[in-house]
Amino acid sequence: MSEVKEQGVIAGAENDSENLLVVRNLKKYFPIKSSFFKMTVGNVKAVDGVSFSIKRGTTMGLVGESGCGKSTTGRTILRLQEKTEGEVIFDGQDIFKLSKEELRKLRPRIQIIFQDPYSSLSPRLPIGEIIGEAVREHNIVPKEEIDDYITRVMEACGLQEWHKNRYPHEFSGGQRQRICIARALALNPEFILCDEPVSALDVSIQAQIINLLRDLQKQFGLTYLFISHDLSVVEHISDTVGVMYLGNMVEYSETEKIYSKPLHPYTMALFSAIPVPDPDYKMNRIVLQGSIPSPANPPSGCKFHTRCEKCMEICKTVSPEMREVEPGHFCACHLYDPDLDKTATSADTAKTEEKPADKTPDKEIAIEKETAGKESAKEKPADDPSKKDNGKPKGKKK
Ligand SMILES: Nc1ncnc2c1ncn2[C@@H]1O[C@H](COP(=O)(O)OP(=O)(O)OP(=O)(O)O)[C@@H](O)[C@H]1O
Ligand code: SF4
Ligand SMILES: [Mg+2]
């Protein structure tokens, strides 16, 4: 029996001392201004009530289509922009309640690595200066030790001491990302937001950077929020994964659970596109209809209902609550609502008679399927949506 959790609270968030970061019901709306009188005529609901927690020394992956609010979530958590609503608790303190001075002191502890390493490095400063600038500003080490300290940090990131006097344009893309990581690491952070840190790099360089991030995590006990489009990379690096759709978290779990048995129809579709390195494996790809709706005018009820082939009448009007479907595995979908039978039967009788398959939780949402694999969803029992898998081999592939 699934358990309904209070909206805005999610797995692990109860024990704050274990969690370095707890995000509760975070909202970030961008006002839409009219051309006359600059009146607010609406809002882009970029982040619309997101909750999660990250344990110390672990990595949470954040995935979802372009424009679903991943970067806005990250930037709001770091207070690079003000929130609309919600709480962000970093190491026991709400970062939105900190004064300017308190926030300045906290800054070195929370760092960010961006997608494009080149544009985030000043072209006019040599690397030693780029890495050392904030070290000096925040008095991370005594003045006389700064030079040695920068060398040690650079070496930890796979850079050489003689790189200090060279400029960003003299480095390759992978090296530049190492410089960005070194700059973040030099401030002795506890938390690093990695926003698409390897998307702009070649595949072989991506692996080097991911391995570097993992090594540094082990060495320094770092905690990461890792935003990426690349689901294979996220699977490789993350301990937990959150899936966002149109400003909301729709599924959250440990990586192995969510990759071996995604529950939300959106997650199933997203994960069905991950290539499997097995020539005998037949892909059963789920292709979603249409594009992501506008966050300025999101659909009513479940925001995914306009693209979900499992959509029921209730989905069009009632927003599904995040519930713990199995221990540690959270999903916001009416298919896992224990009251679904009563509600859906009364609200959706006509549709059931017309298209009985629409009510079957394990019906694929595919509109285009590549050849069905041996573990075709149609062969799965139809009565328990939580028994559904995405047709992929179970277990974490590493
Ligand atoms: N400063 C801003 N002003 C107005 N709208 C914004 C602003 N920043 C982001 N948005 C909007 O908020 C939504 C979420 O944007 P965000 O950059 O967080 O998406 P994302 O998931 O990171 O996408 P991508 O994967 O393409 O990086 C988008 O619709 C975007 O247009
Ligand atoms: S079944 Fe309903 S609640 Fe679940 S994802 Fe589809 S539209 Fe949303
Ligand atoms: Mg982004």
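How many residues surround ligand 2, and which are the closest? There are 14 of them, the closest being Cys302, His305, Cys308, Cys315 and Cys333, where a residue is near a molecule if its C-beta atom, placed from the backbone, lies within 6 Å of it. This is a predicted model, in which local features need pLDDT of at least 70 and side-chain atom pairs count only at pLDDT 80 or more, while totals for chains, interfaces and linings use all residues. Residues are numbered from 1 along each chain as its sequence is written, and chains are lettered from A and ligands numbered from 1 in the order in which they are written.

**Around ligand 2**
- The shell around ligand 2 holds ten nonpolar residues, three polar and one charged, with Ala, Val, Leu, Ile, Met, Phe, Trp, Tyr, Cys and Pro taken as nonpolar, Asp, Glu, Lys and Arg as charged, and the others, Gly among them, as polar.

**The chain as a whole**
- Of the chain's 398 residues, 39% count as buried, that is, with 20 or more other C-beta atoms, placed from the backbone, within 10 Å of their own.

**Helices α3 and α4**
- The axes (lines fitted to C-alpha atoms over the stretch in contact, with angles from 0 to 180 degrees between N-to-C directions) of α3, residues 127-137, and α4, residues 146-156, come within 10 Å and cross at roughly 120°.
- The contact (C-beta atoms, placed from the backbone, within 7 Å) involves Gly128, Ile131, Gly132, Val135 and Arg136 of α3, and Ile146, Tyr149, Ile150, Val153 and Met154 of α4.
- By class, seven residues in this contact of α3 with α4 are nonpolar, two polar and one charged.

Notes: A residue is buried if 20 or more other C-beta atoms lie within 10 Å of its own, exposed if 12 or fewer, and partly exposed in between; C-beta atoms are placed from the backbone. Helices (H or I, at least four residues) and strands (E, at least two) are DSSP runs, numbered from the N terminus. Two residues are in contact if their C-beta atoms, placed from the backbone, lie within 7 Å.
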